[in-house]
Amino acid sequence: MRKNRARRVRRNGRAVKVRTGGLSVRAVRTAAAGAAAVVLVAGLGACGGSPAAGKDTGKAKGGSAEVDPTRIPDVGDPLQKKIPREARQVVAVYGKDKDSADATVRLYSKHGKKWQQDRSWPAHNGRKGWTRDHREGDKRSPVGVFTLTDAGGVKPAPDAKLPYTDSDAFTPPSYWSKKTRHDFDHVIAVDYNRAKGTSPLDPSRPQGQSKGGSIWLHMDHGSGTSGCVSLSRSGMRYLLRTLDPDKHPAVVMGDKAALAAR
């Protein structure tokens, strides 16, 4: 049995220490005391897979030509209109195709009325690809636009701007591949079927359990996940340092065809 340890939750620039056990639901801000096992399963069940090689660039590279700099590139009107008006940071996840686990993550920031690409990283999504109707266990990532409000992980991130919870409860199950040991060192919760303003481990599912949840941005092990989006350690750390609640960050994600649909 793990010894209790302190975790830190950052809210409004303040760090608060809370005593918590490795699998205790006290690692989750809003869960009830008897739900620790449910929280861990709900929080960690979304992502995993067998590893392979990957390479990180971490640099801004030219993608498709920006016909209109006031729009996120290669995103059609249906999804473009869903990007919150107040959003000044957008993480765009461009999946290779509907049934592929390969993707590219790009970070855009808004300056005046124009979007500028800041960084780009190789990435992975659900091992079976993408879906517009995500279901628990389908091994596909949900297509859509979602806000980014909360983060956390096994390891602390003192320079994170998003509210951050660090706890042993993020540790992947021991029966997962050793190559996934560090997948959840840092995660950013995608606000798909979850309660905003809570730890990424929170088990709340506003649309019901069948719609799945615990869709995160997290660290990459080199191949497809069970629904999350994964990128390099350096990429995750950059996002944590950069994504700012005051800029209302959001993510637009999907395979290229779904993103570009008009």
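This report describes the fold, nonpolar cores, strand pairing and confidence of a predicted protein model.

## Basis of the model

Residues are numbered from 1 along each chain as its sequence is written, and side-chain values use heavy atoms, with hydrogens and water left out. Because the model is predicted, local features need pLDDT of at least 70 and side-chain atom pairs count only at pLDDT 80 or more, while totals for chains, interfaces and linings use all residues.

The pLDDT, the predictor's confidence in each residue from 0 to 100, averages 83 over the protein, and 75% of the residues score at least 70. Over residues 11-43 the pLDDT is below 50, yet this stretch has 77 contacts in the model beyond near neighbours in sequence; a contact means heavy atoms within 4.5 Å. Residues 48-55 also stay under 50, with 22 contacts beyond four places in sequence.

## Overall architecture

The protein contains four helices and 13 strands, taken as DSSP runs numbered from the N terminus (helices H or I, at least four residues; strands E, at least two). Of its 262 residues, 55% are buried, that is, under 20% relative accessible area with a 1.4 Å probe and protein chains only. The accessible surface, from the Shrake-Rupley method with a 1.4 Å probe, comes to about 12100 Å², and carbon and sulfur atoms account for 51% of it.

Among contacts between residues at least 6 apart in sequence, 64% join residues at least 24 apart.

## Nonpolar cores

A nonpolar core is a set of buried Ala, Val, Leu, Ile, Met, Phe, Trp, Tyr and Cys residues joined through side-chain atoms within 4.5 Å. The largest one has 45 residues, and Ile 72, Val 91 and Ile 188 have the most contacts inside it. Strand β3 (residues 89-95) gives the most to this core, with five residues. A second, separate core of ten residues includes Val 154, Phe 184, Val 187 and Leu 201.

Beyond four places in sequence, Ile 72 touches several residues, including Ile 83, Val 90, Tyr 108, Trp 115 and Val 252. Trp 115 lies in strand β5 (residues 114-124) and is buried, with a relative accessible area of 7%. Trp 115 and Arg 71 are 44 residues apart in sequence, with their C-alpha atoms 6.6 Å apart.

## Strand β13 and its partners

Six of the six residues of strand β13 (residues 250-255) are buried, so this strand is largely enclosed by the rest of the structure. Two strands pair if DSSP finds at least two bridges between them. Strands β3 and β13 run parallel and are joined by six bridges; Val 91 has Val 251 in β13 as its bridge partner. Strand β8 (residues 144-153) pairs with β13 in the antiparallel sense over four bridges, and Gly 144 stands opposite Met 253 in β13.

Methods:
Buried < 20%, exposed > 50% of the residue type's maximum accessible area, 1.4 Å probe, protein only.
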